[in-house]
Amino acid sequence: MKSVAKNFAKKTTMVLFLCKELNIFTTHVNTVEKDLFTKVEEKMETRNKIDQILESTDPVANKLKSLCNLLKNSIPHFHWVGFYFVHGNRKELKLSEFAGKPTEHTIIPFGKGICGQVAVSNQNFVVQDVSEQDNYISCGIDVKSEIVVPIFVNGRNIGQIDIDSHDVAPFTQEDEMLLEYVCERVSQLDLNPILESSASEV
Ligand code: SME
């Protein structure tokens, strides 16, 4: 009889232990699920705001400025956000709208720095650690990484969005996809006022 009681106690302890473990596991899954849900919601909100800006009746320069502000303020590792466009018929880029610290690099020759290389390569350039790049134009000691995504109109590389971050290796594939979305949508705007104003200063 004693051994039956002992066995029962042992099984009860085991069941209680498993219940506790299951509870910890469920709580963990709930937290992960909640975090994922919040992240998805935040991303959808950012996309909606991007669409709202692009679909507003604002002049194109204001739209670009609002996009810079939105991206800088909603993505914590985006510390500087700016648009560069081809400077008339010169082989250089000219800074357009931006959010963050003003930079002295308002003109960048094709091939120079991360931006200039993208003007030539026509490819996204994700630099998770700028200290590993020789062909890099520094915009300050606090910048640790950079991502540049080109903008194409009728197959021509006419500019780019440039992001600087103060963190090492912060950029994800989702960041790249979001920026590609922004560039795709920006390429559908009437960019003539931007491109013309840059050309008239040649
Ligand atoms: N770091 C860039 C220069 C532009 S700033 O980041 C604003 C480059 O290497 O092209």
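The shell around the ligand, taken here as the residues with a heavy atom within 4 Å of it, divides into eight nonpolar residues, one polar residue and three charged ones, where Ala, Val, Leu, Ile, Met, Phe, Trp, Tyr, Cys and Pro count as nonpolar, Asp, Glu, Lys and Arg as charged, and the others, Gly among them, as polar. The model is a predicted one, in which local features need pLDDT of at least 70 and side-chain atom pairs count only at pLDDT 80 or more, while totals for chains, interfaces and linings use all residues. Residues are numbered from 1 along each chain as its sequence is written, and side-chain values use heavy atoms, with hydrogens and water left out.

The residues that surround the ligand are Trp80, Tyr84, Ile108, Gly113, Ile114, Cys115, Tyr136, Ile137, Cys139, Glu146, Asp162 and Asp164. At least two residues of this shell come from each of β1 (80–86), α3 (113–121) and β6 (156–165), the helices (H or I, at least four residues) and strands (E, at least two) being DSSP runs numbered from the N terminus. Of the elements, α3 gives the most to the shell, with three residues.

A polar backbone atom of Ile114 is 2.9 Å from an oxygen atom of the ligand, and a backbone N or O atom of Cys115 lies 2.8 Å from a ligand oxygen atom. At Ile137, a backbone N or O atom lies 2.6 Å from a nitrogen atom of the ligand. On its own the ligand has 300 Å² of accessible area, of which the protein covers 100%; such areas come from the Shrake-Rupley method with a 1.4 Å probe, and for residues only the protein chains shown count as cover.

Cavities and pockets were located on a 1 Å grid over the protein atoms alone, a cavity being a set of points where a 1.4 Å probe fits but cannot get out, and a pocket an open set with protein on both sides within 12 Å along at least five of seven lines; lining residues have an atom within 4 Å of a point. The structure holds one cavity of 30 Å³ or more, and the largest cavity has a volume of about 80 Å³, a volume being the space filled by probe spheres set on grid points that are joined across faces, edges and corners. The ligand takes up the space of this largest cavity, since a molecule sits in a cavity or pocket if more than half of its atoms lie within 2 Å of its grid points. The lining of the largest cavity comprises seven nonpolar, one polar and three charged residues, and α3 supplies the largest share of it, three residues.

The largest pocket has a volume of about 490 Å³ and is lined by 17 residues, of which Lys39, Glu42, Lys43, Thr46 and Glu174 lie nearest its centre. Eight residues of this lining, the largest share, come from α1.

Technical notes
Polar contact = N/O pair within 3.5 Å; in protein donor to acceptor, adjacent residues only side chain to side chain.
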